[in-house]
Amino acid sequence: MEKDKNKPGAVVFTPPQNWRMVDPKALPKHVLVMIVGTGQSDFPPNMNLGYEKFDGSVKEFIRKVVKVELDNSRAEWKELGTVQTNAGVAQLIQVDNKTKWGQERQMQAFIKQDDIVYILTASALRSEFPTYYKEF
């Protein structure tokens, strides 16, 4: 990704040290990159950067698209406000969901550029999530 950083529309992503990148061929179409760390359990901490074309605002995206998906999975979620990033102001949400490994916690940052909403997701078991604040 570093070689393309000066191209228009390039996304620069700096992963935490010693985390490994997932083979891009194994990722869903709308996921640009995924990295995985070494965790304390069978569910390793991970981060991914996805995107979705969307005409409305980021808040509308969160309400109409994410809420529907999360409500259907019975996940608990809440809006956390905003955070300043190198790409601009991002809307944050927190998602807690049951998995076969236990309770998962995700923090998602949403940023819109032109007609694309980028979603950066950081995920770990809820009990381990605070351990990875620095990396996330």
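Two strands are said to pair if DSSP finds at least two bridges between them. Strands here are DSSP runs of E with at least two residues, helices are runs of H or I with at least four residues, and both are numbered from the N terminus. The structure above is a predicted model, in which local features need pLDDT of at least 70, side-chain atom pairs count only at pLDDT 80 or more, and totals for chains, interfaces and linings use all residues. Residues are numbered from 1 along each chain as its sequence is written, and side-chain values use heavy atoms, with hydrogens and water left out.

Let me begin with the strands. Strand 3 and strand 7 run antiparallel and are joined by 8 bridges. Asn46, for example, has Ser123 in strand 7 as its bridge partner. Strand 3 also pairs with strand 2, again in the antiparallel sense, over 5 bridges. There, Val33 has Leu49 in strand 3 as its bridge partner.

I turn next to the interior. A nonpolar core is a set of buried Ala, Val, Leu, Ile, Met, Phe, Trp, Tyr and Cys residues joined through side-chain atoms within 4.5 Å. Buried means under 20% relative accessible area, exposed means over 50%, and partly exposed lies in between, using a 1.4 Å probe and protein chains only. Which residues make up the largest nonpolar core? It has 12 residues: Phe54, Val58, Phe61, Ile62, Val66, Leu70, Ala75, Ile93, Val95, Phe110, Val117 and Ile119. Helix 1 (58–73), strand 5 (88–99) and strand 7 (116–125) are the elements that give two or more residues to this core. Helix 1 provides the largest share, with 5 residues. Apart from this core lies another, of 7 residues, including Trp19, Ala124, Phe129 and Tyr132. As background, nonpolar side chains tend to be buried together in soluble globular proteins.

Contact means heavy atoms within 4.5 Å. Leaving aside neighbours within four places in sequence, Val117 is in contact with Gly50, Tyr51, Glu52, Phe54, Phe61, Phe110, Ile111 and Lys112.

The aromatic residues come next. Rings of Phe, Tyr and Trp (for Trp, the six-membered ring) pair if their centres lie within 6.5 Å; planes under 30 degrees apart count as stacked, over 60 as edge-to-face, and the rest as tilted. The whole structure holds 7 aromatic pairs. Why is the pair of Phe43 and Trp101 tilted? The ring centres are 5.4 Å apart and the planes stand at 55 degrees, so the pair counts as tilted. This pair links distant parts of the chain, 58 residues apart: Phe43 is in the loop between strand 2 (31–36) and strand 3 (46–53), and Trp101 is in the loop between strand 5 and strand 6 (102–113). Phe43 is buried, at 9% relative accessible area, whereas Trp101 is partly exposed, at 43%.

A further tilted pair is formed by Phe129 and Phe136, at 4.8 Å centre to centre and 45 degrees between the planes. Phe129 is buried, with a relative accessibility of 2%, and Phe136 is partly exposed, with a relative accessible area of 27%.

Now to the charged side chains. Side chains of opposite charge can pair when their charged atoms come close. A salt bridge is a side-chain nitrogen of Lys or Arg within 4 Å of a carboxyl oxygen of Asp or Glu, and the count comes to 4. Asp115 and Lys53 form one of them, at 3.4 Å from N to O. Their positions are 62 residues apart, with Asp115 in the loop between strand 6 and strand 7 and Lys53 in strand 3. Asp115 is partly exposed, at 32%, and Lys53 is exposed, at 56%.

Asp96 meets Arg105 in a salt bridge of 2.7 Å, N to O, and both residues are buried. Asp96 also meets Arg126, at 3.6 Å. Arg126 is in the segment after strand 7 and Asp96 is in strand 5, 30 residues apart. Arg126 is partly exposed, at 36% relative accessibility, while Asp96 is buried, at 8%. Shared partners join Asp96, Arg105 and Arg126 into one salt-bridge network.

I close with the backbone. Most residues other than glycine have a negative phi. Asp114, although not a glycine, has a positive phi of about 55 degrees. This residue lies in the loop between strand 6 and strand 7 and is exposed, at 74% relative accessibility.
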